[in-house]
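Subject: Structure for your review

Dear colleague,

Please find the structure below, together with its sequence.

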Amino acid sequence: MASVCFYFQVHQPFRLRRFSIFDRGADYFDNPANQELLRKVAAKCYLPANALLLELIERHAGRFKVAFSLSGLIVEQLQRFRPEALDSFRRLAETGAVEFLAETYYHSLAFLYSRREFAEQIDLHRQLIRRLFNQSPTVLRNTELIYNNELGKAAAEMGYRAVLCEGADHLLGYRSPTFLYTPPGVPGVKLLLKNYRLSDDVAFRFSDRNWTEYPLTAEKFAHWIHQINGHGFVVNLFLDYETFGEHQWAETGIFDFLRHLPDAVLALGDNDFKTPSECAAAYDASGEYDVPHMISWADTERDLSAWLGNAMQSNALHELYRLEPLVKERGDEALLHDWRRLQTSDHFYYMCTKHLADGDVHKYFNPYDSPYDAFINFMNVLDNLRGRLGRGP
Amino acid sequence: MSRAALSDRKDDVIMRVLMLGWEFPPFISGGLGTACFGLTRALDHLGTEVLFVLPRAVASPEGTHVQVLSPASAAARGGAWTLPGMFRHTQFRAVSAALQPYARPEEVDEADEAAGVPGGRMTPGGPRRRRVRRAATKAAVGGPASDPGGNYSGDLFAEIERYAALGCAIAAEETFDLIHAHDWMTFPAGAAAQVQTGKPLVVHVHSTEFDRSGMNVNQRIYDIERAGMHAATKVIAVSHLTRSIILRHYDVDPRKVEVVYNAIDDREDDGRPPLPPITRDEKIVLFLGRVTMQKGPEYFLAAAKRVLEVMDNVRFVMAGSGDMIRRMIELAAEMGIGHKVLFTGFLRGADVRRVYRMADLYVMPSVSEPFGLTPLEALSNDVPVLISKQSGVAEVLKHALKVDFWDVDEMANKIIAVLRHPPLHATLRDHGSFEVKRFSWLDSAANCIKVYQAALGAPVS
């Protein structure tokens with residue numbers, strides 16, 4: 001039996017407005033642009049995709065299940081700009097077939113810089129998920145699936161039963177992401193590894209006419225899933241939710257693909273759908289997944305280089321986290337919230353210089369013409385925030 | 001690309017190009033001369049035969065990396081010479097300003113009329129004779145504003161006409177497949193040679209009158225540019241920016257205008273040990289170029305003033321000379337930043353390298369820059385660059401800061417960021433000095449050859 005485990009990431013940052021060294025005042029965020037973008041994504045993805053998932057869940061009477069991870073910032077923006085989209089997530093939660101995962105409220109890289117901040121953001125997020133969806137997450141996913149052994153250990157200490165991470169070839173070797181693993185010496189936590197081949201078939205290759213498997217049908221994909229029988233238990237399909245309707249436009253047939261997938265999967269053998277916590281409960285770990293260095297689901301490198309690949313990114317992150325004690329001493333909620341919104345990983349992603357000369361930049365929803373502009377803007381905002389702490393530049 | 005071009009060429013018949021230039025290192029090391037040199041050397045390397053016609057007798061200044069025969073020995077060989085070691089397939093011919101035209105004036109007039117030059121003739125000493133601003137004819141750091149040595153004698157239009165006539169004479173005695181003329185001063189010569197020989201003409205636009213003069217266009221120069229572009233079988237623009245000016249202001253058929261970007265030679269090690277690091281508290285922001293309207297020096301000073309409102313330990317260096325230099329000195333004083341701005345005057349050779357290496361940031365605030373070689377030079381000297389979006393080089397350079405030339409606050413914002421954040425400086429420098437290695441004259445030459453092939457295949461207009 002093969003269990004398909006869907007997890008969709010839902011996140012949008014608070015993008016910064018153009019902030020010059022000569023700017024005064026403390027409004028850092030580009031509300032008009034963020035609102036416009038959110039409306040667009042909600043119309044193209046969140047609303048139609050949620051409606052489809054609801055339809056599928058109802059039609060299959062509990063046999064079709066998915067998991068979401070919503071950052072705190074997407075929730076805040078939906079509340080402000082698109083409350084009906086948030087309601088559609090609530091309706092999904094009410095079906096009982098949708099699991100919500102734990103993550104850092106601010107979609108941050110806090111685990112790399114401050115364990116205290118990391119724990120506080122996870123806790124803020126738990127409260128939010130309980131309030132919104134009446135669930136207490138038991139499975140953790142860190143920002144961009146950034147993971148190492150230390151994170152596995154920390155998750156165990158925080159009481160999580162499972163953690164999602166990337167199934168990286170160089171760590172798996174001959175082993176397969178279709179099995180479950182544990183961090184070395186931490187038997188209490190199961191690791192669910194992203195099946196990047198099958199996930200990327202949907203996320204990146206679905207509409208690629210040069211791909212030999214084009215067009216990808218639900219039946220063909222279900223057959224590939226079925227083939228893991230005898231070689232594992234789970235097919236972990238971890239995707240950005242914007243894959244549906246935004247990265248892959250509706251015209252590509254991505255919604256039809258999703259619409260037919262449950263029938264196609266359930267038609268073969270005794271295959272089923274499980275949420276991450278159900279997978280962790282149902283299957284034993286097959287061994288240890290040893291991750292001494294940080295991995296992520298980003299780019300081909302599957303490492304931290306998208307956020308920490310150059311001196312600007314490292315400088316910006318260090319300068320930001322250096323302010324933690326000052327910000328927290330201050331006891332100013334607005335200041336704390338601003339400081340935390342600056343932690344969102346996207347700000348550092350926009351500063352990435354990898355492959356820039358090839359034109360293969362991190363373009364998606366990127367408000368900047370160049371990574372240098374992203375850095376300059378961020379540092380000007382940080383300067384202003386530092387000024388609010390009484391620290392001159 | 002260059003390697004592919006090389007192997008392509010093996011199957012082709014060797015092409016011979018009559019190249020009409022105005023300046024060539026070391027006589028004037030401006031942008032046009034530098035580009036002609038780089039392109040010709042790369043064409044030569046790819047096996048294209050070039051006969052390069054220069055408008056004046058050739059001197060051989062000391063301290064240059066180019067070996068040139070002296071005027072005396074060049075003259076002894078009938079005005080033609082070669083540069084073995086550097087060029088294999090290239091021959092040079094000087095056309096001395098002192099020489100009388102070989103061809104009769106009528107021939108030139110016919111050619112001009114055929115090329116569509118309104119009014120046809122430019123008679124030496126005739127009523128239409130007029131002096132034009134010399135600064136407009138010099139590129140980049142190249143020329144001192146006034147040149148008592150006299151690279152250009154009195155009347156530029158008379159020179160152009162002499163050059164056209166001489167070009168025709170050379171065209172008559174040489175065999176070649178195609179004519180390639182660089183910028184407006186050689187266009188009449190190119191058009192005349194085209195009429196005389198029936199060979200296709202490629203004109204290469206390194207700058208237009210609109211770039212040099214803003215909207216104060218010299219009608220006579222504009223007419224010459226326009227006639228040359230219309231007479232040509234193919235037009236090469238140094239950027240899409242320039243191509244769009246050609247289409248918009250000169251009404252040229254878009255199908256015949258191609259973009260070939262400039263490049264930069266690999267940095268040549270001068271064999272000297274690097275300068276010891278300068279220990280200083282001050283940061284240095286550099287402007288280097290002709291101090292003319294086109295280069296936007298006043299925007300540099302306005303940005304400097306804004307920077308100095310925020311930080312004090314900065315010095316702004318304005319290297320170069322030009323018709324706006326006095327005005328700029330006065331402007332800096334009026335703004336109250338005179339003590340923070342250093343005017344070096346015209347720099348050459350080792351001093352240029354030295355000033356680049358002292359700089360923390362190079363700024364090119366050009367109002368209209370067809371390409372812009374100096375940012376590439378700065379990057380190859382490990383200096384990060386801030387360039388105006390109104391430049392051709394901004395189309396191709398990724399690891400550079402970019403700003404609208406008129407957006408003085410944003411220019412200052414970016415200057416301050418580079419000076420205050422060493423990681424930004426380092427990232428720009430490291431990526432930029434790597435990126436600049438991708439600009440190769442061999443690629444430019446290979447693209448040029450494609451244009452030649454298209455011109456040879458096209459019906460001659």
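A residue is called buried here when its relative accessible area is under 20%. By that criterion, A:Y46 and A:Y241 are both buried. Please note that this is a predicted model.

These two tyrosines form a stacked aromatic pair, with 6.2 Å between the centres and 5° between the planes. The pair links distant parts of the chain: A:Y46 belongs to helix 1 of chain A, while A:Y241 sits in the loop between strand 8 (234-240) and strand 9 (244-245) of chain A, 195 residues apart. Both are also members of one aromatic cluster, whose other members include A:F6, A:F8, A:F64, A:F68 and A:F273.

Over all chains, the count comes to 43 aromatic pairs. Another stacked pair is that of A:Y7 and A:W297, at 6.2 Å centre to centre and 20° between the planes. A:Y7 lies in strand 1 (residues 3-10) of chain A and A:W297 in the loop between strand 12 (285-288) and helix 12 (305-308) of chain A, so this pair ties together parts that are 290 residues apart in sequence. A:Y7 is buried, because its relative accessible area is 0%. A:W297 has a value of 10% and is therefore buried as well.

Turning to the nonpolar cores, the largest comprises 165 residues, and those with the most contacts inside it include A:F68, A:F221, A:Y241 and B:I415. Helix 1 (residues 31-59) of chain A gives the most to this core, namely twelve residues. A second, separate core of 95 residues includes B:M19, B:C36, B:V317 and B:F439.

Which residues does A:F221 touch, leaving aside those up to four places away in sequence? They are A:L198, A:D201, A:V202, A:L216, A:L237, A:F257 and A:L261. Of these, A:L198, A:D201 and A:V202 are buried residues of helix 8 of chain A. Helix 8 (residues 196-203) is mostly covered, with seven of its eight residues buried. A:Y196, also in helix 8 and buried, has A:R302 over the face of its ring, at 4.6 Å from the ring centre.

A further arrangement of this kind involves both chains: B:R306 lies over the face of A:F22, at 4.0 Å from the ring centre.

With kind regards

Notes: Residues are numbered from 1 along each chain as its sequence is written. Chains are lettered from A and ligands numbered from 1 in the order in which they are written. This is a predicted model: local features need pLDDT of at least 70, side-chain atom pairs count only at pLDDT 80 or more; totals for chains, interfaces and linings use all residues. Side-chain values use heavy atoms; hydrogens and water are left out. Buried means under 20% relative accessible area, exposed over 50%, partly exposed in between (1.4 Å probe, protein chains only). Helices (H or I, at least four residues) and strands (E, at least two) are DSSP runs, numbered from the N terminus. A nonpolar core is a set of buried Ala, Val, Leu, Ile, Met, Phe, Trp, Tyr and Cys residues joined through side-chain atoms within 4.5 Å. Contact means heavy atoms within 4.5 Å. Rings of Phe, Tyr and Trp (its six-membered ring) pair if their centres lie within 6.5 Å; planes under 30 degrees apart count as stacked, over 60 as edge-to-face and the rest as tilted. A charge sits over a ring if NZ of Lys or CZ of Arg is within 6 Å of the ring centre and within 35 degrees of the ring normal.
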